[in-house]
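Work through the exercises below with the coordinates open. Try each task before reading its solution.

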Amino acid sequence: EGLLDVLVKKGGHMLGYGLLALAYLRGTGASRLRAWLLAWTLAVLYALTDEFHQSFTAGRGATLWDVGIDAVGAALALGLRGLFAKF
């Protein structure tokens with residue numbers, strides 16, 4: 001895999017899990033901080049289950065590194081949402 005291929009794939013995962021976290025945030029009815037933490041936690045839990053599923057799929061592998069990338073994507077999206085919500 002080339003560097004560009006890796007960046008596109010990992011960037012796509014970050015974007016996807018960022019959007020997932022934002023969808024969870026929109027769907028939560030909890031208090032503000034609690035809703036944000038819940039949205040991030042749910043996105044990370046989904047990433048964990050996705051990696052677990054991949055461990056049973058031929059040609060795929062499960063790594064905590066990928067979960068970390070997904071978690072960062074979710075955190076970045078939520079952080080940007082918080083930053084831009086103030087304007």
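Buried means under 20% relative accessible area, exposed over 50%, and partly exposed in between. The model is predicted.

**Exercise 1.** Classify Y17 and Y46 by relative accessible area.

Solution. Start with Y17. Its relative accessible area is 7%, so Y17 is buried. Now take Y46. Its value is 44%, so Y46 is partly exposed.

**Exercise 2.** Which residues of α1 are buried, and what do they pack against?

Solution. The buried residues are Y17, G18, A21 and L25. They pack against α2 (32–54) and α3 (64–85). Recall the helix geometry: with 3.6 residues a turn, residues three or four places apart point the same way.

**Exercise 3.** How many aromatic pairs are there, and how is each oriented?

Solution. The count is 2. For Y17 and Y46, the ring centres are 6.2 Å apart and the planes lie at 50°. Y17 sits in α1 and Y46 in α2, so the pair ties together parts 29 residues apart in sequence. F52 and F56 form an edge-to-face pair, 5.0 Å centre to centre with 85° between the planes.

**Exercise 4.** Are F52 and F56 buried or exposed?

Solution. F52 has a relative accessible area of 54%, so F52 is exposed. F56 has 63%, so F56 is exposed too.

Notes
Residues are numbered from 1 along each chain as its sequence is written. This is a predicted model: local features need pLDDT of at least 70, side-chain atom pairs count only at pLDDT 80 or more; totals for chains, interfaces and linings use all residues. Side-chain values use heavy atoms; hydrogens and water are left out. Buried means under 20% relative accessible area, exposed over 50%, partly exposed in between (1.4 Å probe, protein chains only). Helices (H or I, at least four residues) and strands (E, at least two) are DSSP runs, numbered from the N terminus. Contact means heavy atoms within 4.5 Å. Rings of Phe, Tyr and Trp (its six-membered ring) pair if their centres lie within 6.5 Å; planes under 30 degrees apart count as stacked, over 60 as edge-to-face and the rest as tilted.
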